[in-house]
Each structure stands twice: as C-alpha cells, then as structure tokens.
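Me: I've just opened this one and I'm new to it. Can you walk me through it?
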Amino acid sequence: MPSIGTRAQVMGVALLALALFPLVANPYLLYVVNLGVIYVVLAVGLNLLLGFGGQFAFANAALFGIGAYATGLLQVRLQWPYLLAVGAGAVFTTGVGLLVALPALRLSGLYLAMATLAFAQFTQWVLLNWETVTFGAGGFKIPPPRFDPLPLTSAQGIYYLSLFVAAVLVILAWNVVRSRVGRALVAIRDSELAAEALAIDLARYKTIAFVLSAFYAGMAGALYSATLNFVAPEGFDLFQMVVQFSMVVVGGLGSIWGSVLGAGLLLAMQEGLRAFKGAQEIAFGLLLMLCIIFLPEGLISFLKRHMRGWSEPLRRPDPRR
Amino acid sequence: MTTAAAPRLAVQGLTLSFGGIRALDGVDLELSPAEIRGVIGPNGAGKTTLLNVICGIHRPADGRITLDGESLVGLRFSQIAARGLGRTFQASQLFRNMTVLENVMTGLHGHLHTGALAAAFNLGRVRAEEAEAAARARELLGFVGMETMADRLGTELSFGQQRLVEVARALVSQPKVLLLDEPAVGLSVVRVAEVDALLRRIRDERGITILLVEHVIRLVMEISDRVTVLNYGRKIAEGRPAEVAENPEVIEAYLGRSLERHPDARRP
Amino acid sequence: MLAYLLVSGLASGCLYALVAMGLVVVYKSTTVVNFAHGELFMVAGFFAYTLHVLLRVPYLPALLLAVLASFALGMLTERLAYRPLMHAPTISLVLAAVGFSFVLKGLARQIWGGRGDYIPFPPLLGTDPIIFGEIVLVPQQLVVVAATIICMVLFAAFFRWTRTGKTMQATAENAKAARLVGIRVDRVYALTWGLGAAAAGVAAVLMAPLTFVYPDIGMSLLVKAFAAAVLGGFGSLPGAILGGLSVGVIEQLAGGYLHTSLMEISAFVIIMAVLIVRPTGFLGARGLRRV
C-alpha cells in the first residue's frame with residue numbers, strides 16, 4: 001500500500017487544512033466540521049476510559065449532556081460570559097463524573113455497564129422533568145457567543161475555539177497514554193492481578209480514567225452547546241452513546257489517532273444519512289456489527305500495518321504480515 | 001545454618017477456610033534475608049493459597065504476617081506490593097498489548113511519580129523519569145537475558161521467554177521478597193537449569209529473599225536453602241532439602257512414594 | 001389503594017419476570033447478557049399486532065406465531081451477534097448486540113411507524129373491569145398472571161424433565177465437557193437464545209393489550225429486566241422471577257405514593273442501590289462469575 005506519509009506529516013496537513021477551512025466553507029459545512037472536531041474530543045476521552053482503561057461504562061453521553069446544559073444554563077440563567085461558562089461547565093461535569101465514579105468503579109464488567117446505564121437514564125429523566133432549571137423537553141436557546149475584539153463571526157469563533165481545544169486535548173491524551181499513567185491503565189485492562197502485583201492501585205487509576213473522560217465529555221458538551229446555540233435532552237440519549245461507542249470501536253480501541261479517525265468517519269456517515277432517521281439507526285447498527293465482527297482492531301489497524309510511523313505505544317500492530 | 005538476623009518475612013498461625021475446607025491450618029514460616037525457601041506438597045496442600053494470603057489476595061481468618069516487622073494483614077495486594085513484595089503467577093500474566101520493555105517499565109510503577117496532570121503536559125522531569133525507567137528496565141532485561149526482545153510484543157515470545165520477562169518485571173522494583181508460583185512449570189530441562197541459575201543470581205547479586213512454590217522437585221531440592229512441606233493446609237516438615245527428603249511423613253504425603261527414590265531428588 | 005397498587009404491580013411484575021427469565025436463561029448458558037433482548041420483545045409485540053389486528057388472525061394462534069417468530073429471531077441474534085464473537089472480550093459482544101438492537105429498532109420504526117405511535121391491541125377477554133372490593137382489575141391482568149405461571153411451570157418442567165433441557169443445563173455448567181460427550185454445543189446455544197427470546201415474546205404479546213408497544217420500548221424494558229435479574233442475584237431463575245415481581249410492585253408504589261414521573265426511574269434507582277450495597281443481589285446467592 002503506498003505510503004501517505006508519516007503520522008506527523010498527515011496530522012500536520014490535516015490541522016492546517018482545518019485551520020484554513022472557514023475561509024472556503026459555507027455555514028453548513030463549517031457547522032458539520034465543527035461538530036466533527038467536537039466528536040474527536042468525545043471519542044478520545046471515551047477511548048481513554050473504554051479502550052485504554054478497559055472500563056465499559058455508558059455514562060459518556062450523559063456527561064456530554066451535563067456539560068452542554070451546565071454551560072448553557074450558566075449563560076442563560078446567570079448571564080455568565082461564554083468562556084467562563086465553558087470552564088465552569090467542564091469543571092462541573094468532571095465533578096459529576098467523580099461522584100459517579102466513586103461508587104460505580106467498585107463494580108466491574110457488566111455490572112459497571114448497567115450502573116452507568118442507569119445513571120444515563122436518570123440524567124435524561126432529570127433533564128426532561130426538572131423543568132424549573134432545565135427547561136424540560138423543549139430545551140432552550142443560547143445566544144451566540146461573541147468573540148470581540150477578534151474579527152470573527154460567532155460561528156468562526158466557536159470553530160477556532162473547538163479546533164484549538166481539540167488539538168490541545170488530543171495532544172494531552174497522547175502524552176498521558178505514553179506515560180506511566182497510560183501503562184497503568186493498560187495493565188489494569190490486560191491483567192488486574194498482575195497490575196496489583198506491581199503496586200498499581202486499581203481504584204485510583206480506574207477513577208482517573210473515568211474522571212479524564214468526564215472532563216473531555218464536559219468540554220465537548222460546552223463547545224457543542226455554542227455550536228448548536230441550542231440545548232435539548234434528545235442529543236444526549238442512548239443513541240448518542242452508541243454513536244460514541246461506534247466512533248471509538250470503528251477507529252480502534254486503545255488508539256488515540258484511531259479515535260480521531262473514527263470521529264471523522266462517523267460524523268460523515270451521520271450527516272450523510274441525516275435525511276433518513278430510521279435508516280440512520282439501521283445503518284449505524286449494521287456498521288457497528290460489521291466493524292466489530294470483521295475489524296476487531298479498528299480501522300487504524302490498517303494504517304498501522306501498512307504504513308510506517310503509525311504505531312503507537314501500548315498498542316503495536318499485529319506483527320504477522 | 002542458623003541466623004541471628006531478624007526474619008525478613010514472618011508468618012505465624014496462618015489460617016484460612018474456603019467454605020468448610022481448611023486451606024491453611026495454622027501455618028508458621030520464617031524467611032531469613034537472602035534465603036531461598038522452597039514450598040512443596042501434594043496438590044491441594046495450600047501452597048498457592050499461602051502465597052495468595054501473604055500477598056493480600058485473601059485475608060486470613062487468623063494469624064500474623066510481617067515483612068521486616070511491619071504487619072501486612074488487612075492491606076490490599078497493591079499496598080503490600082508497594083512495600084516490597086514481588087509476585088509471579090502460575091498462568092502467564094504478561095500484559096499482552098505492551099512490548100516487553102513496556103511490561104518491565106510497568107514494574108517500576110511504584111517507584112515513579114508522574115501523575116496524570118504532569119504526564120499530560122509532558123514536562124521535562126516526566127521525560128527524564130521515563131528515560132531513566134526505560135534504562136533500568138533494559139538493565140533488568142539484560143539480567144534475565146532478554147534484552148534483544150525488548151521491542152517485541154508479549155504474544156511473540158515463547159512460554160519460557162514470557163516467564164523470564166515476568167520475572168524481570170517483578171524484579172525491576174528491587175523487592176525485598178519475591179514470591180514465585182511454579183516458575184518452572186512447563187519448561188524443558190535446559191530451561192529449568194537456566195531458572196536455577198537465575199534464582200541463584202537473584203539471591204546472590206541482589207540480596208532478594210525468594211519463596212518458591214514448585215512441583216519440579218529437582219529444582220526445589222537443588223536450589224533451596226530450606227524446604228517447607230505442606231499437606232492439607234498444615235506444615236508437616238521443614239528443614240534442609242536432604243532432611244526433608246528422608247522425612248517419613250513427607251514421603252507418606254506423596255502417596256507412599258519415597259522421595260528418596262524420586263529420580264530428581266539429589267543429596268547436595 | 002395499597003392493595004390495588006400491589007396487584008397492579010404484581011401483574012406488570014409478571015411481565016418483567018418473564019423478560020428477566022429470558023435474559024437470565026441466556027446468561028446462565030453463555031455468560032453473556034443479550035443487549036438486544038428488549039428489541040426481541042418489541043418485535044414480538046409488533047409481530048403479534050400485525051397478525052392479530054391487521055391480518056385478523058385469532059388471538060391464540062397469533063400469540064403462538066409471534067412467540068415462534070421471536071424464538072427464530074433469538075436464534076438469529078445468536079448466529080449474528082454471539083457466535084462469531086464467542087471468544088472476543090465482553091465489550092465486543094455487547095456492542096454487537098447493541099448494533100443489532102438498533103437495526104431491529106430502525107426496521108420496526110420503518111415498518112410499523114414512528115416514535116410516539118401507539119398500537120391498539122384488543123385484549124383476550126374483553127374490557128369490562130373486574131372489581132374485588134377496592135381493587136379494580138382489567139381481565140388482561142389476570143390473563144397475564146395466569147399465563148406467567150403457566151410459562152414458569154413449563155420452563156421448570158422443561159429444564160428438569162426433558163432431555164434437551166438437561167442438555168442445556170449441562171452445557172451451561174461446563175461447555176468443554178459437554179462437547180466432549182458429544183453434545184452439539186452450537187445448537188444448544190442457538191436453542192437457548194431462541195428460548196430466551198421466546199420468553200420475551202410471550203411477555204410482549206401478553207402486554208400488548210395493556211399498554212402501548214412502540215419501537216423504543218426495548219431499552220426501557222431491558223433495564224427493568226436487568227434490574228429484576230440483578231435484584232434476584234444474577235444467574236438465578238427463581239431470583240429473576242422474584243426480582244421481576246419486586247420491580248413491578250416497587251414501580252407501582254413509587255408511582256402511587258410519590259409521583260408518576262418516578263415510575264420510570266424507580267427501576268434505575270433499584271439497580272444503583274442494589275449494586276452498591278449488595279452486588280450479589282438480595283434474593284439470590286450468586287453474583288456474576290465472569291467479569
């Protein structure tokens with residue numbers, strides 16, 4: 001397979017292309033790519049928990065929603081400026097994630113899955129029914145954030161903010177994964193017993209993975225609320241959770257760059273099928289099944305196998321060529 | 001050989017039952033520093049349970065465990081490991097998705113200090129710590145003779161090679177005591193001799209105390225300073241290998257088969 | 001009012017018990033929780049609707065056909081989402097089933113209508129309520145209880161006395177040994193998944209006259225069935241039954257004494273509470289073996 005360049009080159013070019021994109025794109029395309037960038041943040045965060053940590057939790061979509069709601073409500077109800085609301089929203093979501101993690105991570109496997117699923121449903125219920133705070137099922141609008149004195153429209157400003165945040169968060173995740181912390185997570189995933197024998201505190205690191213993913217989901221939610229200028233419960237339901245899982249699995253569990261790839265791909269698909277709501281579900285379901293059955297290592301495994309410089313620590317490609 | 005030094009690891013009156021069966025019944029054990037102690041006994045005698053209780057996987061119903069005088073009872077496995085107890089397992093517990101080098105570097109976890117935030121920003125001191133950890137890991141791989149395999153995935157190694165990496169991983173943090181659960185299982189005669197030599201070097205060059213549960217009698221008898229024999233959760237004999245081999249209770253425990261006549265039991 | 005809520009709760013609890021039984025049967029045999037289980041229920045309900053209401057097939061044959069259809073669908077699920085992934089990590093199995101559940105849900109939406117549509121389904125014995133003192137019952141609720149009891153008896157008898165049932169138990173206990181004595185383990189798994197789905201199918205057809213069947217009902221029901229199974233100590237069939245009844249009763253009590261909006265999440269609160277306080281379940285003894 002012909003080489004398309006090293007990973008650094010490809011990512012550099014992609015980043016440049018994304019930075020120049022607003023100059024040529026119409027508003028709809030800008031919005032779509034903006035969403036894609038936000039999805040990258042979501043997918044990378046979820047991968048830290050699911051792919052690297054091996055913890056199967058269903059809480060991410062709910063935390064995404066909490067981030068969006070916290071940011072939006074701070075602006076609408078308390079008139080906070082946008083950037084402050086973003087920071088506070090992300091921190092708040094991280095706090096909620098910590099509170100959920102403390103009891104939930106004592107469970108494992110399917111018990112953890114179910115407990116976090118219950119949390120997700122509970123969050124939906126709160127968003128729908130606590131109308132005095134959350135505005136209920138209809139959701140609420142958010143005034144577009146302003147980026148004075150920069151010469152940017154609101155949409156452009158949000159786009160660049162998202163791009164910046166995503167780039168930073170991806171690099172931070174990449175660093176974490178290559179470090180002692182990343183090794184601890186993968187150790188726990190591959191053999192809890194051996195991890196303990198090496199003085200790795202299981203509870204602590206599972207919590208770290210969960211809290212990290214909560215922070216990423218919170219940031220993503222904060223950015224999402226401004227991209228849409230609208231927040232409603234239905235964007236954070238179980239379908240959203242399946243989309244997020246799909247991004248991570250299709251891209252490649254345990255691969256940061258795989259998540260970047262998976263996010264982009266899944267967004268393209270989602271937009272492509274937007275007109276057909278029922279078919280969207282079917283297509284996603286089929287894609288998920290096909291990927292898991294035929295490509296258990298994700299699409300990134302192709303790149304790693306056939307191109308130089310794409311391997312990652314803690315997840316080397318299959319050496320059998 | 002008597003020693004006046006305080007025991008490195010001391011176990012007294014250890015008792016544990018699993019649903020009505022006495023897995024351990026008042027076991028006493030004292031390990032001197034830099035001793036190699038073999039633990040043998042028929043299947044189901046409680047040998048692996050003994051290891052599991054010492055390292056904190058199970059909590060004993062009764063009894064005391066001390067490491068250099070500090071009590072270990074009630075601590076979690078990871079806490080006991082942090083205090084200097086290393087452990088390998090019967091079944092391979094190599095981290096399958098890491099390279100050999102990364103596996104051994106994980107062994108240094110308790111000695112490194114980088115947390116999530118520092119790691120995220122990849123500060124200078126983080127990079128320095130990682131480089132040093134990699135160097136130490138390579139040194140240990142050299143010690144077990146696996147330095148050429150540093151960048152291979154665990155799944156590419158043979159069974160014997162995997163065990164060597166696991167030993168390196170357990171050693172890299174310089175534990176005071178190393179608990180080995182059947183390190184020679186499934187190995188050829190040549191490999192067993194290599195394990196023999198390696199264990200000696202661990203004791204002689206690094207001063208580590210070794211508690212060795214094994215079925216390969218030849219290895220245990222040749223390498224142990226002393227041997228403890230368990231049967232039905234109780235200690236039935238303890239002493240130098242030659243003494244233990246002639247102990248009638250031990251012979252009887254192995255179903256009437258004379259240990260003396262066992263082809264692998266040699267007098268030193 | 002208490003008596004009314006209790007009886008109502010028992011009636012809906014019977015349905016949850018049936019669905020939970022289906023889930024646990026599959027789990028005991030294959031150590032996998034079928035995340036498409038709720039959708040198997042949903043499809044059976046729609047299928048019964050098509051037969052009975054649209055095609056005017058009489059109730060009992062429609063019920064039997066719908067149950068057979070869900071049996072077949074369960075076997076299909078096993079073939080698609082389990083067999084190719086038998087040795088894969090749990091995550092993969094669950095996600096494959098989830099993917100399949102979305103396919104089923106999407107198909108149901110295309111074929112039978114959108115979110116919020118409800119399917120009118122006439123009951124078996126007419127709609128005149130039966131009144132016992134302060135308790136007002138719809139005859140269908142009695143049908144539900146009676147049918148559930150029959151099903152449970154049939155299940156128990158099947159496992160205890162038929163050869164196939166014993167084969168399934170043997171495979172559940174030790175698949176390797178079962179293979180060694182010549183049991184066709186693949187077929188057993190297929191049958192088990194079919195049986196589990198059939199239990200859900202029965203519940204669906206019984207439930208259809210009482211309340212709405214809609215494409216999104218699957219996940220809500222899966223969570224309740226899981227709550228029931230967890231409450232009963234996952235892996236125990238009698239526990240699942242008791243758990244199901246408990247979930248039904250607690251739901252009604254929460255709705256009656258606290259607030260109707262709490263009914264939906266009372267199951268979730270139960271799960272969270274049980275898992276934190278006592279992961280092995282209050283009623284059963286065994287927890288999850290495989291993690």
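Me: How many residues of chain A are in contact with chain C?
Reply: This is a predicted model, and in it 32 residues of chain A are in contact with 37 residues of chain C.

Me: Which helices of chain A supply at least two residues each to that side?
Reply: Those are α5 (109–129), α11 (238–251) and α13 (277–294) of chain A. α5(A) gives the most, with 12 residues.

Me: And how do the residues on that side of chain A divide by class?
Reply: There are 25 nonpolar, six polar and one charged on the side of chain A that touches chain C.

Me: Let's look at one spot there. Where does I265(C) lie?
Reply: I265(C) is in helix α11 of chain C, which covers residues 261–277. Leaving aside neighbours within four places in sequence, I265(C) is in contact with Q121(A), F122(A) and W125(A).

Me: Is I265(C) buried or exposed, and why?
Reply: I265(C) counts as buried because it has 20 C-beta neighbours inside 10 Å, and 20 or more is the cut-off for buried.

Me: How far apart are I265(C) and V202(C)?
Reply: They are 24 Å apart in space, C-alpha to C-alpha, and 63 residues apart in sequence.

Me: OK, on to chain B. How many of its residues are in contact with chain A?
Reply: 29 residues of chain B are in contact with 29 residues of chain A. On the chain B side, the elements giving two or more residues are α2 (77–82), α3 (100–106), α4 (116–121) and α5 (124–143) of chain B.

Me: How does that side divide by class?
Reply: The side of chain B that touches chain A has 14 nonpolar, 10 polar and five charged residues.

Me: What about chain B and chain C, how far apart are their closest C-alpha atoms?
Reply: Those atoms lie 14 Å apart, and no contact joins chain B and chain C. Two pairs of chains touch, and the most contacts are between chains A and C.

Me: What domains does the assignment give for chain B?
Reply: Domain 1 is 1–84 + 175–268, and domain 2 is 93–173. The C-alpha centres of the two domains of chain B lie 27 Å apart. Their contact takes 10 residues from domain 1 of chain B and nine residues from domain 2 of chain B.

Me: Which elements give two or more residues to the domain 1 side?
Reply: α2 and α7 (189–206) of chain B do. The largest share, three residues, comes from α7(B). By class, the side of domain 1 of chain B that touches domain 2 of chain B has eight nonpolar, one polar and one charged residues.

Me: Now the sheets in chain B. What's the strand order in the open sheet of four strands?
Reply: The order is β2-β1-β4-β5 (chain B), with antiparallel pairing. The edge strands are β2 (21–31) and β5 (70–71) of chain B, each pairing on one side only.

Me: How many bridges are there between β1(B) and β2(B)?
Reply: Eight bridges, in the antiparallel sense. T15(B) has D25(B) in β2(B) as its bridge partner. β1(B) and β2(B) also form a hairpin with two residues between them, and G19(B) in the turn has a positive phi of about 50 degrees.

Me: And what joins β1(B) to β4(B)?
Reply: Five bridges join β1 (residues 9–18) to β4 (residues 62–67) of chain B, and these strands run antiparallel. Q12(B) stands opposite R64(B) in β4(B).

Me: What about the open sheet of six strands, what's its order?
Reply: That sheet goes β6-β7-β8-β3-β9-β10 (chain B), and its pairing is mixed. Its edge strands are β6 (85–87) and β10 (234–239) of chain B. The twist averages 20 degrees from one strand to the next.

Me: Which way do β3(B) and β8(B) run, parallel or antiparallel?
Reply: They run parallel, joined by four bridges. R37(B) has L211(B) in β8(B) as its bridge partner. α7(B) packs on this sheet, touching β3, β7 and β8 of chain B, and its direction makes about 155 degrees with that of β8(B).

Methods
Residues numbered from 1 in each chain as written. Chains lettered and ligands numbered in written order. Predicted model: local features only at pLDDT ≥ 70, side-chain atom pairs only at ≥ 80, totals over all residues. Contact = placed C-beta atoms within 7 Å. Nonpolar A, V, L, I, M, F, W, Y, C, P; charged D, E, K, R; others polar. Buried ≥ 20, exposed ≤ 12 C-beta atoms within 10 Å, placed from the backbone. Pairing = 2+ DSSP bridges. Domains from an automatic or database assignment. Axes fitted to C-alpha atoms, helices over the stretch in contact; angles between N-to-C directions.
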